[in-house]
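Hello,

Here is the structure I promised to pass on to you.

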Amino acid sequence: MKAASRRPVVIIGAGPVGVMAGLLLARHGVRSLLLERHRDIYPLPRAVVVDDEIRRILQSAGVHEEFAALARPAPGLRLLDAGRRVIAEFPRSMHGHHGFPQTSMFDQPELERLLRDALARRPECELWSGVEVVSVTQSVARDTDGPNDPTGPVRVTLRRDGSDEEEHLWADAVLGCDGAGSLTRDAIGAVWEDLHFEESWRVIDVRTSRPVRTWEGAEQICSPTRPATFMRVSEDRYRWEFRLADDQNLDGPDGWERLRELVAPWVDLPPDASPGNDFEVVRQAQYTFRARLADRWRSGRVFLLGDAAHLTPPFVGQGLCAGLRDAQNLTWKLARVLQRGAREGLLDTYERERKPHARHVIRVAVAIGWAMTGGQDRGAAFRRAVVGTACRIPGVTAAVGRDLSPALTAGPLVRRRPRLTGRMLAGTFCPQPWVRHDGRRVRLDDVLGESFAVLTAVPPTAQMTAVATALGAPTIRVDDLGDDGTLAGWLARGRADAVLLRPDRVVMDTVPAGTSDFTDTVAWAPLLHTARHTADARPA
């Protein structure tokens with residue numbers, strides 16, 4: 001048995017969520033070690049869509065330009081009936097709230113490769129491949145006031161590349177990004193909450209040079225007998241998803257004929273055709289789509305992210321997106337605790353903020369799945385009719401798309417009081433327009449940096465400046481940014497003179513219009529270890 005070594009953060013799993021967590025920690029100066037049981041990335045496609053919020057996270061990780069080169073913006077989602085007539089359309093903008101197309105199609109192996117390349121460029125990150133994690137053990141708590149209070153270091157036991165020899169690592173924190181069969185989830189005693197959706201679907205990825213009848217967005221075929229999803233992923237790559245009965249597999253001698261029949265509404269394949277260069281099946285796999293949520297996401301310094309914490313059906317394309325949001329939400333908080341002495345209670349806000357959001361997204365996906373494509377009970381047709389009618393009401397389709405990323409629920413870092421002037425912005429994301437900086441046209445986040453930031457439409461008051469100084473945050477006048485008026489209009493509609501932005505660009509606090517102080521420093525300052533500075537900032 002080899003001697004144990006100490007690491008600041010150990011990340012179990014080097015899929016896109018684990019690698020993103022490492023990159024974001026590195027941005028805050030935190031070193032991490034990633035442990036991955038596979039030698040290389042999985043070469044076949046899986047996730048194929050992200051939204052503009054995820055594009056913004058890729059920007060914060062420094063890979064958005066590379067991603068833009070391999071991504072294809074898409075105009076949205078259409079719900080079609082069995083005759084392929086449009087029931088409803090959910091349009092997506094080419095320039096969303098976060099400054100990117102609201103929907104982007106991509107090939108997951110290409111995304112993973114560019115993330116791995118970025119990881120290799122960061123000296124703060126180290127990747128061990130071919131490593132099997134055997135156990136994760138949380139040390140006994142020191143001084144505890146609750147179930148998630150500070151604990152000792154975490155021990156990770158591993159074996160390298162099939163060896164029987166065990167090694168031990170000690171870490172200040174462990175991030176479990178190890179998927180639906182997570183060992184980390186078992187280690188903290190978490191169990192699944194079943195959100196009542198389970199269906200077996202066949203996913204087929206194809207590369208073809210044949211003409212394909214396609215809308216440039218995603219299509220959801222709503223049928224009680226043969227629901228399906230179709231989308232063009234890239235120039236010559238397409239994906240179909242079909243809910244098939246157990247006896248309708250696509251293997252064996254009759255599989256090609258059955259596949260030809262399934263794709264006939266989109267592409268013509270001659271009866272005597274066979275799989276080949278002009279219609280190559282890159283991958284086909286049987287998946288059981290489930291809706292589940294772990295009952296707890298943290299124990300001491302051990303955390304769950306991505307599929308280890310939540311599983312969603314793919315009908316709204318939010319599976320990978322949810323995991324990357326987890327990484328964005330947790331990493332800046334963990335960095336604040338490890339590097340700047342912020343209170344351990346700051347880490348409690350990770351599950352408190354992310355879990356309701358994940359539950360909401362899963363419920364939207366389940367609603368689409370049951371109401372539009374399925375269920376095979378007597379109420380299925382009625383549900384499809386009701387939802388189809390509702391989707392024709394003006395504003396409903398826009399609201400459904402917008403609510404995939406609702407404001408964070410109230411908590412220590414989000415003090416939402418809708419009736420109080422200026423508070424409607426709390427928990428929402430700051431928009432990201434193009435701005436002018438040092439004579440160049442850049443996106444807003446490139447000016448704000450990696451930490452907190454104060455955006456103000458008025459001259460900074462003493463309290464604003466003191467808060468910014470305590471947090472190491474720049475104070476930026478929106479009038480000096482040279483944008484198109486987006487930021488000034490956003491503050492005006494929110495009835496705020498200034499906002500305090502978290503590192504993930506969520507509004508943490510506001511200065512209501514006509515006042516001079518942030519309203520909730522007493523709530524968040526102690527968690528961030530800035531209580532003394534903000535208390536001194538209040539004018540006599």
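A definition first: rings of Phe, Tyr and Trp (for Trp, the six-membered ring) count as a pair if their centres lie within 6.5 Å, with planes under 30 degrees apart called stacked, over 60 edge-to-face and the rest tilted. By that rule the structure holds 16 aromatic pairs.

Before the details, a word on the source. This is a predicted model, in which local features need pLDDT of at least 70 and side-chain atom pairs count only at pLDDT 80 or more, while totals for chains, interfaces and linings use all residues. Residues are numbered from 1 along each chain as its sequence is written, and side-chain values use heavy atoms, with hydrogens and water left out.

**Aromatic rings**

One of the pairs is Phe242 with Trp266, which is edge-to-face, at 6.4 Å centre to centre and 65 degrees between the planes. This pair links distant parts of the chain: Phe242 belongs to strand β15 (residues 237-243), and Trp266 to the loop between α6 (255-263) and β16 (279-294), 24 residues apart. Helices (H or I, at least four residues) and strands (E, at least two) are DSSP runs numbered from the N terminus. Phe242 and Trp266 are both buried, where buried means under 20% relative accessible area, exposed means over 50% and partly exposed lies in between (1.4 Å probe, protein chains only).

Trp256 and Phe279 have ring centres 5.8 Å apart and planes at 70 degrees, so this pair is edge-to-face. It also links distant parts of the chain, with Trp256 in helix α6 and Phe279 in strand β16, 23 residues apart. Both Trp256 and Phe279 are buried. If you colour the rings, you can pick out one aromatic cluster formed by Phe230, Tyr238, Trp240, Phe242, Trp256, Trp266 and Phe279.

A charge sits over a ring if NZ of Lys or CZ of Arg is within 6 Å of the ring centre and within 35 degrees of the ring normal. The charged end of Arg160 sits over the ring of Trp128, 4.0 Å from its centre, and Arg441 lies over the face of Trp434, 4.3 Å from the ring centre.

**Salt bridges**

Side chains of opposite charge can pair when their charged atoms come close. Here a salt bridge is a side-chain nitrogen of Lys or Arg within 4 Å of a carboxyl oxygen of Asp or Glu, and the structure holds 42 of them.

- Arg243 bridges to Glu199, with the closest N and O atoms 3.2 Å apart. The pair links distant parts of the chain, Arg243 in strand β15 and Glu199 in strand β12 (residues 192-208), 44 residues apart. Arg243 is buried at a relative accessible area of 7%, and Glu199 is buried at 8%.
- Arg260 bridges to Glu257, the closest N and O atoms being 2.8 Å apart. Both lie in helix α6, 3 residues apart, about one turn of the helix. Arg260 counts as buried at 18% relative accessibility, whereas Glu257 counts as partly exposed at 38%.
- Arg502 bridges to Glu353, the closest N and O atoms being 2.8 Å apart. Arg502 lies in the loop between β24 (496-501) and β25 (507-512) and Glu353 in helix α8 (residues 345-373), so the pair ties together parts that are 149 residues apart in sequence. Arg502 counts as buried at 0% relative accessibility, as does Glu353 at 5%.

There is also a network: salt bridges that share partners join Asp107, Asp205, Arg237, Arg239, Glu241 and Arg283.

**Helix α14 and some positive phi angles**

Helix α14 (residues 521-528) is mostly covered, with 6 of its 8 residues buried. Among them are Trp524, Leu527 and Leu528. His529 follows α14 and has a positive phi, near 65 degrees.

Two further residues are worth checking on screen. His196, in strand β12, is not a glycine but has a positive phi of about 65 degrees; it is exposed, with a relative accessible area of 62%. Arg495 lies in the loop between α13 (486-493) and β24 and has a positive phi near 55 degrees. At 37% relative accessibility, Arg495 counts as partly exposed.
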